[in-house]
Amino acid sequence: MPIRWNTTLAEIDRAMKLKPAINQWVDQLDARLTGKKKRATIRKKKKLYLSVSDWEFLERLSSILVLFYTSTLDLSCKHVPTICYTLPLYKQLELHMDTYCRQASEETDVHGLEDALVAGLTKLRIHMEKALVSDYPLLGAVLHPRMRVSYFEDESLWSNTNLAARVRILLDHMYQVYSEDSMDSSPIIPATTVDPVSPVKRSAFKSAVKMHMQKAGPTSASQKEVDIYLSGLYPCTTEQEDDPLIWWKVCIF
């Protein structure tokens with residue numbers, strides 16, 4: 001049957017909270033029983049018994065699955081664009097699973113965790129490659145003011161790729177197409193205030209991009225809007241990370 005990681009995580013977390021009660025219940029299953037009932041209950045008890053290593057495995061599995069849960073929450077948001085989350089979340093999950101896969105390879109793995117992680121990592125990379133075939137997830141990511149192009153210039157994440165150069169070509173093309181339809185030549189005015197957005201719980205997306213705030217660079221009046229955007233002149237606030245459309249409504253070039 002298909003495995004639902006959010007349901008599995010919820011079951012494990014609940015079991016961890018009830019660990020003392022579960023252990024006590026299993027320990028006393030055969031109490032005050034005799035004969036055939038006691039022998040049958042002992043067999044059942046062996047199946048239900050969780051050793052210390054079993055509990056440790058469940059705790060590790062929970063720490064692996066929690067990022068899948070928070071990623072699902074990010075991608076399930078209403079009224080905000082989520083296509084910008086696709087590539088950062090794929091990359092964050094890849095790094096997360098790779099870390100636990102290396103840990104499992106260095107330890108005695110009686111539960112087959114390493115094989116499961118390798119299989120999951122292989123499938124994840126297939127989907128990430130498919131996402132990179134299309135320009136839309138890439139454009140969605142770079143048009144999030146928290147990332148822009150600096151995120152794809154990080155060699156520790158995207159080594160041996162041409163994503164940064166590809167992003168710039170896509171932005172230049174998009175600017176050329178849409179600028180022909182725009183007759184607004186008003187000067188750029190920096191925004192000083194933004195309507196606050198209610199804070200939300202920490203997300204997988206924020207963890208993925210927390211080190212990639214675009215630093216402001218020099219600008220001039222002759223620069224194109226694309227260059228000004230990529231310069232990081234107008235930073236993205238913490239509140240605007242949850243809904244980049246708010247940033248775009250304020251910082252209209």
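How many aromatic pairs does a search of the whole structure find? The search finds 8 aromatic pairs, a pair being two rings of Phe, Tyr or Trp (its six-membered ring) with centres within 6.5 Å, where planes under 30 degrees apart count as stacked, over 60 as edge-to-face and the rest as tilted. The structure is a predicted model, in which local features need pLDDT of at least 70 and side-chain atom pairs count only at pLDDT 80 or more, while totals for chains, interfaces and linings use all residues. Residues are numbered from 1 along each chain as its sequence is written, and side-chain values use heavy atoms, with hydrogens and water left out.

## Overall architecture

The protein chain contains 12 helices and 0 strands, where helices (H or I, at least four residues) and strands (E, at least two) are DSSP runs numbered from the N terminus. Of its 253 residues, 35% are buried, with buried meaning under 20% relative accessible area, exposed over 50% and partly exposed in between (1.4 Å probe, protein chains only). When contacts between residues at least 6 apart in sequence are considered, 72% of them join residues at least 24 apart, a contact being heavy atoms within 4.5 Å. The accessible surface amounts to about 16,200 Å², and carbon and sulfur atoms account for 57% of that area; accessible areas come from the Shrake-Rupley method with a 1.4 Å probe, and for residues only the protein chains shown count as cover.

## Aromatic pairs and the nonpolar core

Among the aromatic pairs is the one formed by Tyr229 and Trp247, which is edge-to-face, with 5.8 Å from centre to centre and 65 degrees between the planes. Because Tyr229 belongs to helix α11 (residues 225-231) and Trp247 to helix α12 (residues 244-250), this pair ties together parts that are 18 residues apart in sequence. Trp247 also pairs with Trp248, and since their ring centres are 4.9 Å apart with the planes at 85 degrees, that pair is edge-to-face. Tyr229 counts as buried at 3% relative accessibility and Trp247 as buried at 0%, whereas Trp248 is partly exposed, with a relative accessible area of 27%.

Elsewhere, Tyr151, Phe152 and Trp158 make up one aromatic cluster. The charged end of Lys91 sits over the ring of Trp158, 4.4 Å from its centre; the criterion is that NZ of Lys or CZ of Arg is within 6 Å of the ring centre and within 35 degrees of the ring normal.

In soluble globular proteins, nonpolar side chains tend to be buried together. The largest nonpolar core here has 51 residues, of which Leu117, Leu138, Tyr151, Phe152, Trp158, Val167 and Leu171 touch the most other members; such a core is a set of buried Ala, Val, Leu, Ile, Met, Phe, Trp, Tyr and Cys residues joined through side-chain atoms within 4.5 Å. Its largest share, 8 residues, is supplied by helix α4 (residues 52-75). Apart from neighbours within four places in sequence, Leu138 is in contact with Leu87, Phe152, Leu163, Arg166, Val167 and Leu170.

## Salt bridges

A search of the whole structure finds 10 salt bridges, each defined as a side-chain nitrogen of Lys or Arg within 4 Å of a carboxyl oxygen of Asp or Glu. The table gives some of them.

| Glu241 | Arg146 | 2.6 Å |

Glu241 and Arg146 form a salt bridge, and because Glu241 lies in the loop between α11 and α12 while Arg146 lies in the loop between α7 (136-142) and α8 (155-158), the pair ties together parts that are 95 residues apart in sequence. Both Glu241 and Arg146 are buried.

Asp172 and Arg168 both lie in helix α9 (residues 163-179), 4 residues apart, about one turn of the helix. Asp172 is partly exposed at 23% relative accessibility, and Arg168 is partly exposed at 27%. Asp227 lies in helix α11 and Arg168 in helix α9, so their pair ties together parts that are 59 residues apart in sequence.

A network of salt bridges links Asp30, Lys38 and Lys45. Asp30 is also one of the residues touched by Thr41, together with Leu29 and Leu33, when residues up to four places away in sequence are not counted. Thr41 itself lies in helix α3 (residues 35-48) and is buried, with a relative accessible area of 14%.
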